[in-house]
Amino acid sequence: MLFRSQDLIGNRLDHLVAATAGTVTFMRTDAAGSGGNWLEIRSPGGWYTMYGHINNDTPGTDDGANPARWRYAPGLHVGSVVKAGQFVAYLGDSGNAENSVPHLHFELHRPDRTPINAWPSLRLAQGLPIDSVWCAANRNPRATPDDASGSGLWVVTAKGAVDHQIGRAHV
């Protein structure tokens with residue numbers, strides 16, 4: 001089975017950071033749909049990082065009131081240019097996660113918007129082995145892909161951001 005998204009458990013209102021430098025291309029603000037409040041960022045290489053279940057609660061509650069102040073970082077809007085590791089949104093439980101625990105629904109998509117399994121890259125980014133029930137070394141993306149390859153390696157930076165590596169050294 002191939003998992004095309006990861007649910008990363010956290011605490012309500014934890015700061016979500018941009019996984020890569022890029023431009024905000026979409027923001028859902030009505031907390032509707034399965035993903036609820038939703039954010040998409042397109043990297044300079046064309047890859048998309050997607051963040052779902054962004055907060056929809058007043059601090060200290062689980063009221064679903066969806067206050068604008070507690071969804072996204074101040075001033076963030078479609079067209080905003082962000083840096084890897086920059087605060088972009090608050091963790092929550094909007095959408096179909098309302099009766100679950102606060103978590104980030106995280107997705108990676110190729111430039112053609114084909115979703116890929118981020119699990120191996122998230123494991124490697126933490127220095128963990130990828131061999132498991134779902135992943136094996138022979139299926140891991142190349143460490144030095146090019147933009148057109150549609151595959152790649154994601155690594156966690158010193159600031160905790162996840163960054164797509166496209167055949168270049170990362171500082």
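Q: Before looking at details, what is the mean pLDDT of the protein chain, and where is it below 50?

A: Glad you start there, since this is a predicted model. The mean pLDDT of the protein chain is 81, with 71% of its residues at 70 or more.

Q: Which residues touch the most other members of the largest nonpolar core?

A: A core is read as a set of buried nonpolar residues joined through side-chain atoms. Here the largest one has 21 residues, and L39, I41, Y51, L76 and V88 touch the most other members. Strands β3 (22-28), β4 (37-42), β5 (48-54), β7 (87-90) and β8 (103-109) each supply at least two residues of it. The largest share, three residues, comes from β8.

Q: What does L39 touch?

A: Leaving aside residues up to four places away in sequence, L39 touches V24, F26, M27, T49, M50, Y51, I54, Y72, L76 and V88. Two of those partners, Y51 and L76, are listed with L39 among the residues that touch the most other core members.

Q: How many aromatic pairs are there, and how do I read their geometry?

A: A search of the whole structure finds three. For each pair, look at the distance between ring centres and the angle between planes; over 60 degrees counts as edge-to-face. The rings of Y51 and F106 have centres 5.8 Å apart and planes at 65°, so this pair is edge-to-face. Because Y51 lies in strand β5 and F106 in strand β8, the pair ties together parts that are 55 residues apart in sequence. Y51 and F106 are both buried. Another edge-to-face pair is F87 with Y90, at 5.0 Å centre to centre and 75° between the planes. F87 and Y90 are buried too, and together with W70 they form one aromatic cluster.

Q: Where does the charged end of R113 sit?

A: Look for a charge placed over a ring face: the charged end of R113 sits over the ring of Y48, 3.8 Å from the ring centre.

Q: Is Q6 buried or exposed, and what does its side chain contact?

A: The cut-off for buried is under 20% relative accessible area. Q6 has 7% relative accessibility, so this residue counts as buried. Q6 is found in strand β1 (residues 6-9), and a polar contact of 3.2 Å joins its side chain to that of N117.

Definitions and conventions:
Residues numbered from 1 in each chain as written. Predicted model: local features only at pLDDT ≥ 70, side-chain atom pairs only at ≥ 80, totals over all residues. Heavy atoms only, no water. pLDDT = per-residue confidence, 0-100. Helix = DSSP H or I, 4+ residues; strand = E, 2+ residues; numbered from the N terminus. Buried < 20%, exposed > 50% of the residue type's maximum accessible area, 1.4 Å probe, protein only. Polar contact = N/O pair within 3.5 Å; in protein donor to acceptor, adjacent residues only side chain to side chain. Core = buried A, V, L, I, M, F, W, Y, C linked by side-chain atoms within 4.5 Å. Contact = heavy atoms within 4.5 Å. Phe/Tyr/Trp six-rings, centres within 6.5 Å; stacked < 30°, edge-to-face > 60°. Lys NZ or Arg CZ within 6 Å of the ring centre and 35° of its normal.
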